[in-house]
Amino acid sequence: MAQAPLTPQQESALNLKLHTLVEAGAGTGKTRVLVRRYLAILRQKKTISPRQILALTFTEKAAQEMLERIETFLTETEPSSIEERHRFEDIKNQLHLAHIQTIHSFCAHLLRQYPVESNVDPTFRVIQEEVRTFYWQRAINDTLNTQLTEDPDSLIELLTHLPLSQLKKWLNALCSNAHQIPTPEFRTEHLQNFIQSQPDIDPTKLESIALIETQIMGYLNQIHTTYTQWKHQTGSLDFDDLIIKTTQLLSKPGLCTIIQKQFPYILVDECQDTDTDQWTIIKALSAFDPHLGPKSNLFIVGDVKQSIYAFRGAE
């Protein structure tokens, strides 16, 4: 079965000589163009294998759909020559090596590939978001229970300014930036801004605000310690760990160059959902220069009007 032809605009996105940004809304065929770009690389660059193309999506479902579309194209498209038929078969045989995955899955792969340089146990397991949330909430409850046992007066004093339900709500919200908790920047900026932005806080009562900040920072540090200990005990990394450790890995110039050479072609789907830390990784992988652009061939697809991860700081 022949594949439907691309429009002239879509066809122009397959020019491999150019770095390309495809900005289009939902339902305009941008995923189809992403798949065709991927296939164009493999059809035109005979020495490139699927393992040398990094295709980043932002959900596992999207990664699976892209892989299925590639397989469908290779199965349903009639090769134009015997040579191309053999190329199609080679590609299909190598698709199990393809790096078509979420950025977190790719980071996990990279850390396992370089465990010594990353200072990780390569057998680590990745904590999914719902499990992460569960253990953060348990760490919050354990910390408050410990505080009630060891220093009930300070907790009771805090609760005169902030109801227990509100305190737990705040701690849960602040733990969404868990990797920042131990840093001075979090203490001096994010925590203060968060507390002073709450509608129930009277900004004129500076003494109350100072008390709340001090108490909550202490709780957050203990919660972070409890959660981190649990990760170490279970040999686990969460999504924040994957991003942070990969960023640290790519900050090593010699090693970063080796990794960059593994992926001469990089494709990014739904780039509007890329937060600052994830974009830092993409720039490092593509050897991005602010004046000259990337060294790797970079193809980006996105819709600035559609961002499901805006709350995570996507740009």
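Student: Where is alanine 55 found?

Tutor: Alanine 55 is in strand E2, residues 53-57. Strands are DSSP runs of E with at least two residues, helices are runs of H or I with at least four, and both are numbered from the N terminus. This is a predicted model: local features need pLDDT of at least 70, side-chain atom pairs need 80 or more, and totals for chains, interfaces and linings use all residues. Residues are numbered from 1 along each chain as its sequence is written, and side-chain values use heavy atoms, without hydrogens or water.

Student: Why is alanine 55 called buried?

Tutor: Its relative accessible area is 0%. Buried means under 20%, exposed over 50%, partly exposed in between (1.4 Å probe, protein chains only). So alanine 55 counts as buried.

Student: What is alanine 55 in contact with, leaving aside neighbours within four places in sequence?

Tutor: Tyr38, Met66, His99, Ile100, Gln101 and Leu267. Contact means heavy atoms within 4.5 Å. Isoleucine 100 is 45 residues away in sequence, yet its C-alpha is 4.7 Å from that of alanine 55.

Student: What makes aspartate 269 buried?

Tutor: Aspartate 269 has 4% relative accessibility, so it falls under the 20% limit. Aspartate 269 is in the loop between strand E6 (265-268) and helix H14 (276-285).

Student: Which residues lie nearest the centre of the second largest pocket?

Tutor: Lys231, His232, Leu237, Asp241 and Lys245, out of 23 lining residues. A pocket is an open set of points on a 1 Å grid over the protein atoms alone, where a 1.4 Å probe fits, with protein on both sides within 12 Å along at least five of seven lines; lining residues have an atom within 4 Å of a point.
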